[in-house]
Every structure is written in structure tokens, then in C-alpha cells.
Amino acid sequence: MKQNRPDRPISRSQMKILRRQQLIESTIESIAKRGFAETTMADVAEGAGLSRGIVNFHFVSKEMLLNETLNYLAKEYREVWKGTLERAGPGPVDRLKALVAADFDPKVCNKKKVAVWYAFWGEAKSRPYYQQICADFDREHHTALRDICQELIDLGDHSGPSADQIATAIAATTDGLWQNLLIHPQSFDRGEAKQNVYAILAALFPKHMTFGRLTAA
């Protein structure tokens, strides 16, 4: 009988990735708990169970740590909506439904993550780097949403706002629902939130959508 081999030691590059991940996750926890301004490098180190020296080794300043945290959140959200879109059916209705559902995926739509997003949005006005990341993030998602809406418009079931206007309105609705989660977490319901967005889409595309659910295109 073969003996179990001991686990392979973690390489330096793997350890670096692990430590940075720990510190970013601790930063998210701290911002959600204390707020943006009150989060310190010491708080992050304590939350990650690491020394202050390790924090400084990976991130020489709080600003660098915050930049990487915002990049992490943007990448995570992008992976969620793109992955959901890739798994959706080929029709525009299925893909539109997938994009809406992605906005309420528990991985990104939870009180902690939403609180941190709002904290960064609040700082973006005075921080050009945050503005750039958020603008790139919004532009990519908006384009995907707009293009799908245009496909539905091209089917002839529409005589109202443009695809660009619809995409902007849906994003604004989602932002508002995220705010509801932040303010009223106990009563927030992801399923109900999705139905609210679907109801708006049903009014805009009645041939392919009905209140509360999307029909096949």
C-alpha cells in the first residue's frame, strides 16, 4: 500500500499570490466594516493575520493596496457577468436575462462587496485612477448590454428608447437595487430584484418578454 505523499511545498510565486489575495480580501472586509478613510494598513494586516512588514512588502502604500483592491473587484465582476453570458443560450433574450442575473449573483451582490463598491465610487471624483477603472468597467458592461438590446430592437418589437438609452436605464436600476441591499439588507431579495428589472424589460419588449419572466426569442 502506497503512503500518501506529503503536499508539495508552496513556491515563492504561489505564496506571493496567496499573500496578496489575503491582503486584498482583508482590505475589502475592513472597508465594509470601518469605511474607506478609517481603514489602515495595520487593520489590513490584523485582519489577514499577517505582520505589518508583510503588508509593506507586497504593497508599499495604502494607495497601492486600494488600487489593487479596486482592480480585483472589477475583475471579479467582469468574470461573473462574462461567465454567465457565455453559459446563456444563443438568443438575445437568454443573453439579456443572463446579464441581469449576473448583477445579482451572490458573489458580487452582497452587502460587503456593495459597500466597498460604493466606497470606491464615492472616492472616484477626486482620484483619477479610480475614475479610469470604473469608467472602463462601466463601458465594457454597457456595450454588452446595449448590443443585446439592439438585437431585440432589430427584431421589430420596439418603438421606444434607443438601445443605448435602455442599457443606461437598466444599469441605473441595478445600481439603485444594489443601494437597497446596502440600506435594507434584511429585506433585500435577489429574486425579487431580478423580477423588477425583468418587468421594465417586459414593458420595453412586450413581444419577447412578459412581466416577471422572459420568453424565448
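**Getting to know a helical model**

User: Which residues does Leu 96 touch, not counting residues up to four places away in sequence?
Analyst: We are looking at a predicted model, so every contact here belongs to that prediction. Contact is a matter of heavy atoms within 4.5 Å. Once residues up to four places away are set aside, Leu 96 touches Leu 145, Ile 148, Cys 149, Leu 152, Leu 201 and Met 209.

User: Which residues touch the most other members of the largest nonpolar core?
Analyst: This core has 58 residues.

User: Nice! Now, what is the volume of the largest pocket?
Analyst: A probe the size of a water molecule, rolled over the atoms, shows where empty space is left. For the largest pocket, the computed volume is about 250 Å³.

User: Which helix gives the most to the lining of that pocket?
Analyst: Two helices, α7 (128–154) and α8 (163–183), each supply at least two lining residues. The lining includes Phe 137, His 141, Thr 168 and Trp 178. With five residues, the helix that gives the most is α8.

User: How many of the lining residues are charged?
Analyst: Asp counts as charged, and the lining includes Asp 103, Asp 138 and Asp 175. The lining also has five nonpolar and four polar residues. The number of charged ones is three.

User: Is Asp 43 buried or exposed?
Analyst: Asp 43 sits in helix α2. Beyond its neighbours within four places in sequence, Asp 43 is in contact with Ser 26, Ser 30, Arg 34 and Glu 38. The cut-off for buried is under 20% relative accessible area. Asp 43 has 16%, so this residue is buried.

User: What about Glu 140: how far apart are the C-alpha atoms of Glu 140 and Arg 78?
Analyst: Glu 140 lies in helix α7 and is partly exposed, with a relative accessible area of 26%. Leaving aside neighbours within four places in sequence, Glu 140 is in contact with Arg 78, Trp 81 and Lys 82. Glu 140 and Arg 78 are 62 residues apart along the chain, and their C-alpha atoms are separated by 8.8 Å.

Key: Residues numbered from 1 in each chain as written. Predicted model: local features only at pLDDT ≥ 70, side-chain atom pairs only at ≥ 80, totals over all residues. Heavy atoms only, no water. 1 Å grid on protein atoms, 1.4 Å probe; cavity = no way out; pocket = protein on both sides within 12 Å on 5 of 7 lines; lining within 4 Å. Points joined across faces, edges and corners; volume = space filled by probe spheres on them. Helix = DSSP H or I, 4+ residues; strand = E, 2+ residues; numbered from the N terminus. Core = buried A, V, L, I, M, F, W, Y, C linked by side-chain atoms within 4.5 Å. Buried < 20%, exposed > 50% of the residue type's maximum accessible area, 1.4 Å probe, protein only.
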